[in-house]
Amino acid sequence: MSENRDDNLPPNFLISVGSQVVLRYDRRVPGTEVIKPAGTVGEVAEAPESNDRPYLVRFLDGASFRLKFGELLVRRGDHSVEATATAGPDVSAFVVYRVMLGSRAFGLATESSDEDRRGVFLPPADWHWSLTKPPEQVEFFAEGVEEVDWEIEKFVRLALQANPNILEVLWSPAVLHADETGTELRGIRTAFLSRHLYRTYSGYVLSQFRLMKRGFATNRHYKPKHAMHLIRLLHSGIYALRDGDIRVDVGEHRDELLTIRRGEVPFEAVEARALELDRVFQEAFAGSKLPDKPDTERANRFLIAARRRRV
């Protein structure tokens, strides 16, 4: 694993449009063999609503592609980058739960698929008692591997909000590590399910739909990956509302989703399919037997017990 972020920007910091950024690692320009080396400066052309989503970065030669927060450093007006002399804490020893997500967990992997790992860490009690609080989120990058780890309280709060990315962590079929606390967390996962799920999944679906339509309106092309995730989220959301469970492995829809990801489906057909599935999604919500609210008390008891265990 490469070292975690060494800047002093909080995890909820958003880089604004127009800001200059610097690549932390070598990155290949999608669709080409051109490599942008670490240290290359670009400008943020589009910023996401949260750092769970990538930024669109444009470079001097006109190339533009999406990069995640952990792949970027912010370039200040004095031409230095936002960095501190002391690296952030290494939380790997405190990870209580780690899974595989991304295409390898979705049942959509190909030979070139990277490993997307997600985890939860429980920091020592003295981190909370000291002046320097633990980070809410830590990202690691290595060749072919990306890992995002959430501090346990942050993770629980996001799960109670029915964040789709977080729920998928709890239901991933590919568990890489789970200690006593991690096993207990996975064991209470149904406490986080509620009808809030309809709202949050709808928000993610709308974001992907807007990205796809914006691209098509600009140059009559759309990002196949955006379209694929749009359809995947709709399939997953329908299943969750109907069955009260999160389906991470969507291998039964593999042919449809990979055909879309390869760009072989016209925009009009993808749009029609998305609208069709959205109607089914709304029907599933109307008939869903999920509770109106998550079991916050059960989640809180788990968090307190986990904290006590670490003292």
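Contact here means heavy atoms within 4.5 Å. By that criterion, and skipping residues up to four places away in sequence, Arg98 in this predicted model touches Ser92, Arg117, Arg118, Gly119, Glu147, Val175, Leu176 and His177. The residue is found in strand β8, which covers residues 95-101. Buried means under 20% relative accessible area, so Arg98, at 18% relative accessibility, counts as buried.

Now for the nonpolar side of things. In soluble globular proteins, nonpolar side chains tend to be buried together. The largest nonpolar core holds 62 residues, and the members touching the most others are Phe155, Leu167, Phe192, Leu197, Met212, Tyr222 and Ile246. Take Leu167: setting aside neighbours within four places in sequence, its contacts are Ala159, Ala162, Phe192, Leu193, Leu197, Tyr201 and Ile246. There is also a second, separate core of 14 residues, with Tyr55, Val57, Ala63 and Phe69 among them.

Tyr55 leads on to a hairpin. Strands β5 (residues 55-59) and β6 pair in the antiparallel sense over four bridges, and Tyr55 has Leu67 in β6 as its bridge partner. Four residues sit between the two strands of this hairpin, and Gly62 in the turn has a positive phi of about 95 degrees.

Technical notes:
Residues are numbered from 1 along each chain as its sequence is written. This is a predicted model: local features need pLDDT of at least 70, side-chain atom pairs count only at pLDDT 80 or more; totals for chains, interfaces and linings use all residues. Side-chain values use heavy atoms; hydrogens and water are left out. A nonpolar core is a set of buried Ala, Val, Leu, Ile, Met, Phe, Trp, Tyr and Cys residues joined through side-chain atoms within 4.5 Å. Buried means under 20% relative accessible area, exposed over 50%, partly exposed in between (1.4 Å probe, protein chains only). Two strands pair if DSSP finds at least two bridges between them.
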